[in-house]
Each structure stands twice: as structure tokens, then as C-alpha cells.
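Here are a few notes to read alongside the model. Have the structure open while you go through them.

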Amino acid sequence: MSVLTRDEAQTRAELLDVHRYTIELDLTTGDETFDSRTLIRFSARTDGDTFVEVRPDELRSVTLDGHPLDPEALDGNRLPLKNLTAGEHELRVHAGMRYSRTGEGMHRFTDPTDGETYVYTQLFLDDVQRVFAAFDQPDLKAVFELSVQAPEGWTVLANGITEKTGGVWKAAPTPLISTYLVAVAAGRWHSVRTEHGGLPFGLHCRRSLAPHLDADADELFDVTRACYDRYHEKFDEPYPFDSYDQAFVPEFNAGAMENPGLVTFRDEFVYRSAVTDTERQTRAMVIAHEMAHMWFGDLVTLKWWDDIWLNESFAEYMGYQTLTEATRFTDTWTDFGVARKSWGYDADQRPSTHPVAPEAVDDTASALLNFDGISYAKGASALRQLVAWLGEKDFLAGINTHFARHRFANATLGDFIDSLAGATERDVHAWADAWLRTTGVDTLTPRIAPGENGTCALTVDHAGSRPHHIAVGLYDRDLGDDGGHLALRERLQLDLPRGDAHPLGKRPALLLLNDGDLTYAKVRFDPESFETIRKELSGLPEPLTRAVVWNALRDAVRDGELAPAAYLETARAHLPLETDLAVVQGVLAFASTYITDHYLTPEERPAALATLSDLCRDLIRRTEDGDNPGLRLIAVRHRIDVAAHPDTIAAWLADGTVPGGPELDPELRWRVLARLAVLGATDEAAIAAELERDPSATGQEGAAHCRAALPDPEAKARAWQAMFGSDDLSNYLFTATAAGFWQPEQADLVRDYVPRYYAEAVAVAERRGPAIATAVGRSAFPAHAVDAEHLRLGEESLRDAEPIPALHRKLVDQLDDLARALRVRQGPRS
């Protein structure tokens with residue numbers, strides 16, 4: 001398949017205006033393929049040649065202005081259109097298209113619970129051509145008119161309101177939108193509907209999840225309505241489409257997709273097991289994020305994929321900020337600091353880093369690689385810093401100018417900055433150059449110099465080039481009766497770089513740079529502040545402040561400046577006193593994954609697991625009164641994951657409950673069984689029995705995970721064959737199998753598979769495409785094998801092989817993380 005280059009897109013956009021697509025899909029032709037008929041009305045500005053994209057199973061016929069074209073002229077995914085004359089044209093394409101099992105194009109899923117089948121589209125970034133013929137680039141917007149023949153009893157959802165007439169579902173014509181935003185979802189959906197703001201709102205899921213959607217429908221609609229109303233307070237432009245449906249679909253590769261009027265979400269967001277309030281907050285944030293896209297991304301769309309950050313960073317920032325303002329989830333920036341910023345920091349320190357707004361996105365394959373922590377988390381952090389520097393009033397004024405100028409059209413970074421610049425006297429262009437065109441993470445280090453009469457002054461060492469507007473928190477020890485607390489004396493507002501020293505008065509017990517987490521930078525501590533942190537971290541009054549501190553400790557571990565064991569000691573001392581769920585979850589996740597599995601040697605790992613097990617036990621004891629079920633659930637999950645001996649968790653599984661609660665729901669049961677499999681304390685019979693108990697799609701994934709995790713040579717061989725020897729696994733089953741295969745406890749058993757990985761990963765990625773390639777590089781990588789020989793083997797394989805871009809990017813990142821882990825192991829040990 002040929003990827004579209006920027007130059008080709010620009011040439012085609014200069015030649016063509018695309019007016020309308022009339023698309024007819026027939027989903028009744030069998031389990032493997034569907035029928036696709038497309039009529040494209042377009043005009044050419046001058047005489048010339050171009051092409052249309054389509055990736056058929058069978059190209060049946062093509063006519064241009066009534067004249068047949070040779071289907072054999074199809075070259076990969078490109079059908080040449082030669083000798084076009086200036087003026088109006090009609091192109092008709094009839095093709096048989098193949099359903100996907102990888103979440104790309106038209107994905108088909110049969111629910112093992114009840115046998116019901118569902119199909120839905122995911123057409124981002126260039127997968128529309130898997131469903132219908134198109135001039136597939138974002139700046140050739142058009143009206144889309146869609147009709148779908150579906151099996152009897154199915155409901156068809158689309159970008160506009162749908163109605164069934166004579167056995168065919170027809171969707172209302174869309175406004176001008178880009179090809180990648182067209183959406184269809186069909187099946188026997190369970191639907192919950194309401195109206196708000198004069199528009200129909202709907203929630204949809206597969207029928208087997210109906211009770212769980214019904215249980216949360218009020219919460220989902222409350223969040224949706226609150227965000228909708230708040231965006232109408234912020235934005236002058238009203239919601240630009242005729243309805244707002246949210247469909248929770250199976251085996252979805254992303255968190256969600258911002259299709260106008262029909263947002264698709266991974267259906268793990270329909271919770272069938274217990275979750276924490278932070279997880280509910282995350283779901284609400286995704287709702288807010290996708291709704292922001294209706295304006296930024298759908299109404300105003302990027303011209304080319306180098307500006308994808310504008311879509312994602314804006315929606316990310318708006319999602320967190322709007323949720324804070326409009327819903328009960330008022331502490332979202334703490335979760336962002338813990339769960340999202342670390343994603344950006346990590347990505348920005350790898351060889352594959354790129355500017356938030358890159359200038360060298362030459363083709364669609366390169367563009368797909370930029371959906372990472374930089375485009376989301378770093379970009380959102382940059383916008384948050386911009387708002388802190390610019391002021392929200394001027395920021396929103398610029399945004400509304402941008403919407404008014406480019407509604408239902410396309411815009412660039414330059415257009416966006418010009419809109420902002422018109423709303424302020426500040427030099428937004430210089431800010432953009434410093435923040436959006438550079439790579440890497442600045443590091444801020446405080447220097448405190450003593451002055452007269454017990455006073456001191458602050459200077460900040462600034463490793464990096466970006467300007468920063470930050471708050472500096474000065475904390476003193478609380479001398480009240482109960483003690484044990486740190487009280488905020490003052491938050492200074494500083495603009496960096498700053499050459500002179502800032503007077504502080506008496507020396508604080510703790511000085512914290514970037515208190516409030518308004519900028520994107522690593523921060524360090526002066527020696528006295530670090531001692532305060534080590535002893536009194538849990539005494540800080542605000543969760544966002546504690547999140548900034550924990551991130552700083554995390555960064556210090558990754559940079560080899562703080563021993564992993566010291567991080568664990570700090571967690572052991574202070575996490576049992578932590579009240580914020582996002583902080584607890586973030587610290588435990590880093591400790592139980594990066595530290596125990598990568599940064600500590602195999603000899604050090606058992607002691608670390610024991611420390612974490614004791615920590616989780618303390619959290620479980622602390623929550624025995626039932627006052628904090630979310631905290632207890634987090635502790636139980638991690639206690640399962642770090643279990644070094646099977647007895648306790650096996651007893652939980654046998655009893656169906658943790659003493660004092662919670663009862664083991666399906667998620668916890670599979671979690672326990674997976675850990676027992678790793679420890680060699682269960683077998684195929686137990687896995688089969690659990691699958692009979694829970695035959696759902698999630699149960700199928702749980703069983704695949706457990707079977708791959710069994711410490712048995714035959715089980716490993718079967719799992720390897722399923723992943724790399726056949727192409728039968730769906731995207732989710734592939735990921736579940738991969739997650740079970742490599743285990744630190746089984747390093748000797750799987751040692752011979754490590755050198756096999758690279759060649760076979762390249763081959764399966766080439767066969768199955770970007771979605772599986774990403775899973776191969778992320779979930780199937782032997783990350784447990786932290787040794788110099790693996791690093792040498794990986795780097796040598798990467799030099800010799802030619803993996804497709806999606807896999808190449810993942811391997812570069814994984815090998816860099818491997819090299820970092822080796823450096824951390826050589827760093828300070830105490």
C-alpha cells in the first residue's frame with residue numbers, strides 16, 4: 001500500500017474540490033466481506049491527473065463520468081484518474097471490502113456471550129479506504145450521505161440522525177467534514193436515549209453489557225450534559241452537528257474517536273466490575289475530551305497531519321479543565337499530573353521524540369507515529385502553561401476567533417497562533433517557537449543561598465530554553481498540637497529564566513518548584529527540602545502538590561539520581577497515609593512495574609515485592625471500615641499483582657472474596673488467576689472452569705492471558721504460535737496473549753524466545769499492519785529481559801531489519817527504555 005505524502009496531498013488539493021460522497025454499504029453479504037458503492041461528486045480546477053484511494057477485497061467496477069475505467073489499473077490502494085478536464089465530475093466505485101479483526105476500517109466482532117455480531121468503523125488516519133473509495137486527506141472536506149443495508153433487527157448509527165426506510169438505513173447528510181471522521185456502527189445495540197439542548201443524545205453498547213450501561217446511564221448523561229453546557233459558555237460557535245451519540249464498541253484500539261455526532265469509545269468504559277472514582281473520572285474526562293473535538297478537530301480541522309497536536313492537545317487540555325469546572329470531578333489535574341504527564345516526559349526523552357508541532361511529517365505513516373505522549377500530554381501541558389501566561393480570557397477570545405475564521409474548513413498552526421495573537425499584546429509567535437518547535441524536557445533546580453538575619457534567597461538553575469511561568473511553594477512545619485504537617489506559607493509567582501535572586505525570608509522546610517503543576521518541566525530539590533520530603537511527604541496539604549513531588553521522585557529514579565530502593569522506602573513510609581486515589585494508583589503502578597520489573601536486579605526483586613505487598617496489606621487494613629472502597633480496591637489489585645506466594649490470593653479465589661471485602665468480581669477473579677498462573681499455582685482445568693463461569697469477551701481475553709502465563713513449555717509454544725505463527729487473533733486477544741507470555745519469574749523458561757522475537761515481530765507486523773504492529777512492539781516486547789546481551793541483540797536486529805514504521809517506532813522506544821533500565825541499575829544503590 002502506498003502512503004500519502006504531504007506533497008501529493010498539496011498537489012491534489014490544488015487540483016480538486018470535493019463536493020459530496022453518496023455511499024451505499026451492504027452488510028448482509030456474509031461474515032468476511034461487505035459491499036461498498038461510492039459516488040463522488042467533485043470538480044477539477046484545471047486539466048490534470050490524480051488518483052483516488054481504495055483498498056478492496058475485490059474492485060468490481062469503476063466509472064468516471066459514465067465511462068468505465070479498468071479495475072486492473074488499481075495499483076495497491078491507488079486508482080489513477082488520468083486526463084481529467086477542468087469542471088465537474090462523477091466517480092462511481094463498486095467494491096467488495098473485507099471486514100477487519102484488528103480495529104481498523106470496518107471491524108467485525110461476534111460477542112461470545114450471546115452470539116450477537118456488531119460492526120463499526122474506525123477510519124482514522126487513512127483507513128477510510130478500507131470501507132469506501134475516497135480522496136483520503138483531511139483538507140478535502142465534503143458532505144457525506146450514507147445509506148446502509150443491515151441484517152434484520154440491527155440498528156445503524158452514523159454521523160447524522162438515521163432512519164430506516166424500506167429496509168435501508170439512511171443517515172442525514174453531514175456538514176462539510178473530513179474523510180477520516182465518517183462513522184458507522186451497526187448491530188443489535190442496546191440504546192438509552194434522551195434529549196438536551198434541543199438535540200437527541202444517545203448511549204449505545206452491545207446487548208450483553210446492557211445492565212452495566214443502564215446502571216451508569218445517569219452518570220454518563222450528567223457528564224455529557226454538563227460538558228455540553230460548559231462548552232457553550234466558553235465557545236461562541238454552537239455545537240455544529242444534528243445529534244450526539246456515544247457508542248461503546250468492542251475491541252477498540254484507542255480510548256475513543258471524535259467522529260462528529262457519533263463518538264466511539266472502547267467498551268471497557270462500560271464497567272462490568274468494580275472501579276475506583278478516579279477511573280470514573282478518567283471516563284468522564286474522555287467524554288469531555290471527545291466533545292471538545294466537535295469544535296477543535298471536526299468543525300475546524302487540520303490541513304495536514306503535522307498539526308495533529310492541535311486536535312489532541314486542545315481536547316486534552318479542555319477535557320481536564322472543563323471537567324474540573326463543570327462536574328463533581330474537581331481534582332482532575334492531579335490525575336493528569338500523575339497519569340498523563342509522565343507519559344509525555346517519558347516520550348520526550350527518547351530518541352523518537354519530536355516537537356509538539358513537528359515540521360517534518362512527510363507522509364501518513366510518519367503522522368501515525370505522533371499519536372503519543374507528546375501530542376497529548378506535553379501539548380496539553382504547553383497549552384496549560386500558555387493559559388497561565390496569557391490568561392484564560394485572552395486564550396478563549398483567540399479560540400473563538402479561530403472558530404469563526406475557519407468553521408467547517410481547515411487551518412494550520414500558523415492560523416491558530418494568528419488567532420491567539422490577535423487577542424493579546426504578548427508575543428504568542430515567540431512562545432510558539434520556544435514551546436512547540438523544540439524537543440526535550442527542561443529541568444529546574446533550586447539554589448537557596450543564606451542571607452542576613454536568618455533569611456535566604458532563591459535562584460533557579462534552568463537547564464533548557466523555554467520560558468516558564470511557575471508557582472514556587474514555600475512550606476513550613478506545622479507547629480500545632482498534632483504536628484506532622486507542612487503548612488503553605490506562600491506561593492510565589494516566578495517567570496523563568498530569571499537572572500537575579502528572589503528573597504524568601506526565613507528558609508522554608510520545603511521549597512517546591514512548579515507547585516500547582518502549571519508548567520512542563522522536571523524539578524529537583526535542594527538538599528534540605530529533599531530531607532523534608534523523605535520524612536514528611538504525606539504531610540503536604542494538597543494532592544496536586546504531592547503529585548508534583550512524586551513525579552519529581554519518579555524522574556530522579558529514571559535519571560539515575562535517586563536509587564529505586566529509596567523511592568520504595570518513601571512509598572512504604574508515606575503511601576499508607578495518602579488519601580488521593582490517583583496518587584496511590586500512580587505510585588504503586590510505577591513501583592510495581594518499572595522499579596520491581598526493570599530497575600532492580602532479579603536478586604533485589606523479591607525484597608521489593610515483599611515491601612509492596614506489605615504496603616498494600618497496610619492499605620487494606622486501613623480501609624477495613626469500608627469508608628474508602630476505591631482505595632481498598634487499588635490495594636487489593638496491587639496486592640494480587642505483587643504476590644510472590646500463592647496461598648493468600650488462592651484463598652481469596654476459593655472463597656470468592658477478600659476478607660472484609662470486596663467480593664471477587666470477574667475482573668478480580670481473572671486477575672488472581674493470572675497471578676496464580678505466573679506462580680505455577682493453577683492449571684488449564686482451572687482456566688477452562690473460569691472461562692465457563694465467564695464466557696464473555698473479557699473472559700476470553702482473561703483466559704488467553706492466563707494460558708500464556710502458565711510456566712509450561714507447551715503453553716508458551718502454543719501462545720507463541722498464536723501470536724506469531726498465525727493471523728487468527730483479534731487485536732485484543734493478541735494483546736492479552738502477549739501480556740501473559742513474558743514474566744520476570746519465568747526468564748529462564750522463555751530465554752530462547754528473546755532472540756526469536758525480532759525477526760518474527762517484523763514479519764507479523766508486515767502481514768497484519770499498524771494496529772498489530774503497535775501491539776507487537778508494546779505488549780509482546782520482552783521488556784523483562786534487562787541485560788546487555790538483549791540490548792545488543794535488539795539494536796543489531798533493528799539495524800538489519802526493516803520493520804514497518806509503527807513497529808520501528810515502538811522498538812526504538814523499547815530499546816531506549818531498556819538502555820535506561822541498565823543505567824539505572826548502575827546508578828546510586830541507596
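1. Start with the open sheet: eight strands in the order β5-β4-β7-β2-β1-β10-β13-β12, with mixed pairing. Its edge strands are β5 and β12 (162-165), each of which pairs on one side only. On average, neighbouring strands here are turned by 20° against each other, direction ignored. Two strands pair if DSSP finds at least two bridges between them. Strands (E, at least two residues) and helices (H or I, at least four) are DSSP runs, numbered from the N terminus.

2. A word on what you're looking at: this is a predicted model, where local features need pLDDT of at least 70, side-chain atom pairs count only at pLDDT 80 or more, and totals for chains, interfaces and linings use all residues. Residues are numbered from 1 along each chain as its sequence is written, and side-chain values use heavy atoms, leaving out hydrogens and water.

3. Helix α1 (residues 6-15) packs on this sheet and touches β1 (16-26) and β2 (33-44). Contact means heavy atoms within 4.5 Å. The direction of α1 makes about 100° with that of β1.

4. Now follow β4 (residues 58-64). Six bridges join β4 to β7 (residues 87-98), and the two run antiparallel; E58 has G96 as its bridge partner in β7. Three bridges join β4 to β5 (residues 67-69), also an antiparallel pair, with V62 partnered by L69.

5. What lies between β4 and β5? Two residues, as the strands form a hairpin, and D65 in the turn has a positive phi of about 55°.

6. Axes are lines fitted to C-alpha atoms, for helices over the stretch in contact, and angles run from 0 to 180 degrees between N-to-C directions.
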